[in-house]
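Please walk through this model with me, from its paired strands to its core and its surface.

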Amino acid sequence: MTQTCDICKKEIPFGNPYIAILYNIENYERDHARQQDFVNVISSDQVLTMCGKCGNKHQADAAGKALELVFQQRAHMGQN
């Protein structure tokens, strides 16, 4: 699976580190008999991908701003 950086648009080679921000819808359950917790991931959407270089350059607050841009772009394109 190849990844592309949303900031610089370069392809991220397989095996190279990258930063991904995901939007998950999850269901949390507890098995009382076994005393274990379970998380069921219902859906997962990767909303922002950054290569290592861009991820290091753009710290957490910059990533938040980038996320806002991604959501605005998707809303503009009608991909809510």
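This is a predicted model: local features need pLDDT of at least 70, side-chain atom pairs count only at pLDDT 80 or more; totals for chains, interfaces and linings use all residues.

Residues are numbered from 1 along each chain as its sequence is written, and side-chain values use heavy atoms, without hydrogens and water.

Start with strands S3 (residues 18–31) and S4 (residues 36–51). Helices (H or I, at least four residues) and strands (E, at least two) are DSSP runs, numbered from the N terminus. S3 and S4 run antiparallel, joined by 14 bridges; pairing requires at least two DSSP bridges. Arg30 stands opposite Asp37 in S4. Four residues separate the two strands of this hairpin, and Gln35 in the turn has a positive phi of about 55°.

Now the core. The largest nonpolar core has 10 residues, among them Val47, Leu67 and Val70. Such a core joins buried Ala, Val, Leu, Ile, Met, Phe, Trp, Tyr and Cys residues through side-chain atoms within 4.5 Å; buried means under 20% relative accessible area, exposed over 50%, and partly exposed in between (1.4 Å probe, protein chains only). S4 and helix H2 (60–77) each give two or more residues to this core. S4 gives the most, with four.

What about the exposed side? Most residues other than glycine have a negative phi. Lys9 has a positive phi, near 70°. Lys9 sits in the loop between strand S1 (3–4) and strand S2 (11–12). Lys9 is exposed, at 58% relative accessible area. Gln35 is exposed too, at 53%.
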